[in-house]
Amino acid sequence: MPNEYDVTATLTGQAISYRKLTLNGENVDLLGAGTRLALPDTFTGKLELKSPYTRKWTLELEITTTSDPQTTVFKKTMTGTIPNNLDYRWSDQITLSSSQPPAAPVGPRMLGMTITAIQVPRPTKKTAGRKNVRGAQKPKRT
Amino acid sequence: MRRTMPLLLIFLVPAANVIGQTSAYQTSDSTSSILIYNPDQNNPSTANVVFNVASTEFTAGYLHLAPAEGWSWGFGVFGKPSTGLSNQIFQTSAGDKIGGSITFGYHSLAGQANGWMVDDWLMLQLTYTHSAAEIITDASSPAQKRTFDGPKALLLYNFYAPARNAATILFGFAGGMAKSNNIDALTPVTINSPLLQSAVGVTPSFTVVKSVNGYSGLYRTYTSAPIYTDAVVIPRKLEWTTLDFFTRSDVAAFNRYIEGGIGLFIAAPNMPTKVLGGITWSWKNGKPMLGIVAGWAF
């Protein structure tokens with residue numbers, strides 16, 4: 001069941017003629033204006049940039065709950081360079097977590113690889129009682 | 001403030017001559033097939049003012065190119081305040097004019113499917129030009145003021161692609177229909193009309209004449225079919241310089257011609273398409289044409 005979130009994304013970089021970020025298939029404003037989206041716990045994020053020049057860029061992405069804007073469920077700063085083929089595309093899974101650590105810059109080597117390493121799936125009603133679920137507490141032996 | 005300044009400048013430019021082109025990649029006749037996209041990622045709109053020294057023509061334009069796929073639009077004004085000095089230096093003969101244009105189209109990734117284009121946009125540009133000139137046809141008829149109203153419709157397609165990781169090539173193709181006149185082919189003249197003759201007995205005798213700049217020859221209007229192409233090469237190692245290989249032609253029967261040339265443009269650091277100025281050299285029907293432009297982008 002998707003929940004509503006506020007997504008704030010700011011892309012900086014010069015001479016980028018085409019820029020598109022989609023989360024779960026929905027377009028996100030890249031000028032920091034904020035976009036309200038209904039998102040599942042895990043979804044696909046896609047970023048596409050084009051420039052006629054080799055240019056550096058920075059994307060700051062923050063997702064907060066609409067009920068409490070102070071609760072950040074995802075925060076990440078990504079930096080990178082549009083390569084010589086003038087086209088940069090990134091696509092990966094994003095998992096929302098209220099235990100999201102503060103944003104840390106991602107080195108250029110990690111770009112395009114993944115941003116999911118920092119994510120831990122939230123226990124859901126279905127999985128909370130099951131064994132072998134990451135994040136679920138083991139029952140004590142008596 | 002950042003967005004309102006370009007608009008203010010557009011409307012404050014005196015006798016602004018808008019061709020509706022927002023590109024500084026202009027030849028001596030102020031034409032281009034390239035509508036440039038925004039150089040600043042955080043501001044999806046671009047405004048600029050270009051002064052074409054060769055034709056003494058101002059163009060001021062504003063273009064909003066959708067940041068991703070989407071509708072884009074722009075408008076412009078242009079004006080040519082006077083003939084005279086530039087015509088003598090650059091051997092041109094275009095008359096005074098003023099006009100405006102609107103542009104709309106779509107920023108798409110249609111060209112991406114072929115594998116080598118990266119980004120592209122297709123625009124339709126509608127231009128209206130109003131001009132007036134004194135024309136003297138022959139010795140037996142007085143000078144006549146002829147006004148000209150010329151609509152023009154151009155379809156422009158722009159895209160860019162890498163060239164062996166050494167450069168980027170920005171391509172432009174434009175074709176359309178226009179109502180034109182042949183004032184470029186007439187001879188620029190100064191027409192002296194007597195206003196006052198000294199009375200008999202006044203010494204020394206004198207004649208007062210009124211002088212106006214005009215054109216001599218058979219004036220005609222016709223339907224033209226202009227086709228413009230540009231290939232702007234932006235080297236990776238020397239981004240502040242660009243080379244523009246261009247053609248300008250008319251395939252309509254009355255004034256059929258093809259003109260080819262090369263332009264060298266200088267851009268702001270790290271902003272290769274924010275052209276500060278340039279010089280073009282072209283050949284039209286075997287006659288060399290020199291053009292100089294200066295541009296300001298916001």
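So, is F75(B) buried, partly exposed or exposed? At 22% relative accessibility, F75(B) counts as partly exposed; buried means under 20% relative accessible area, exposed over 50%, and partly exposed is in between, with a 1.4 Å probe and protein chains only.

Quick housekeeping before I go on. This is a predicted model, where local features need pLDDT of at least 70 and side-chain atom pairs count only at pLDDT 80 or more, while totals for chains, interfaces and linings use all residues. Residues are numbered from 1 along each chain as its sequence is written, chains are lettered from A and ligands numbered from 1 in the order in which they are written, and side-chain values use heavy atoms, with hydrogens and water left out.

Okay, aromatics. Over all chains, the search turns up 9 aromatic pairs; rings of Phe, Tyr and Trp (its six-membered ring) pair if their centres lie within 6.5 Å, and planes under 30 degrees apart are stacked, over 60 edge-to-face, the rest tilted. Take Y62(B) and F75(B): ring centres 5.6 Å apart, planes at 35 degrees, so that pair is tilted. Y62(B) sits in strand 3 (residues 57-64) of chain B and F75(B) in strand 4 (residues 70-80) of chain B, 13 residues apart. Strands here are DSSP runs of E, at least two residues, numbered from the N terminus. Y62(B) is buried, at 9%.

Then there's W116(B) with F159(B): also centres 5.6 Å apart, but planes at 80 degrees, so this one is edge-to-face. W116(B) is in the loop between strand 5 (97-108) and strand 6 (119-136) of chain B, and F159(B) is in strand 7 (residues 144-163) of chain B, so the pair ties together parts 43 residues apart in sequence. W116(B) is partly exposed at 46%, and F159(B) is buried at 10%.

Over to chain A. Strand 6 (residues 56-65) and strand 7 of chain A pair antiparallel over 9 bridges; two strands pair if DSSP finds at least two bridges between them. A hairpin of 6 residues joins them, and E62(A) stands opposite K75(A) of strand 7. Strand 7 of chain A (residues 72-81) is mostly covered, with 7 of its 10 residues buried.

Most residues other than glycine have a negative phi, and most peptide bonds are trans. A15(A), in the loop between strand 1 (3-12) and strand 2 of chain A, has a positive phi of about 60 degrees, and A15(A) is buried at 1%. L86(A) has a positive phi too, near 70 degrees; L86(A) is in the loop between strand 7 and strand 8 (87-95) of chain A and is buried at 0%. In chain B, a cis peptide bond joins T203(B) and P204(B), with omega about -10 degrees. P204(B) is in the loop between strand 9 (187-197) and strand 10 (207-216) of chain B.

One last item on side chains: K50(A) lies over the face of Y18(A), 5.9 Å from the ring centre. That label needs NZ of Lys or CZ of Arg within 6 Å of the ring centre and within 35 degrees of the ring normal.

That's my tour; questions welcome.

Technical notes:
Helices (H or I, at least four residues) and strands (E, at least two) are DSSP runs, numbered from the N terminus.
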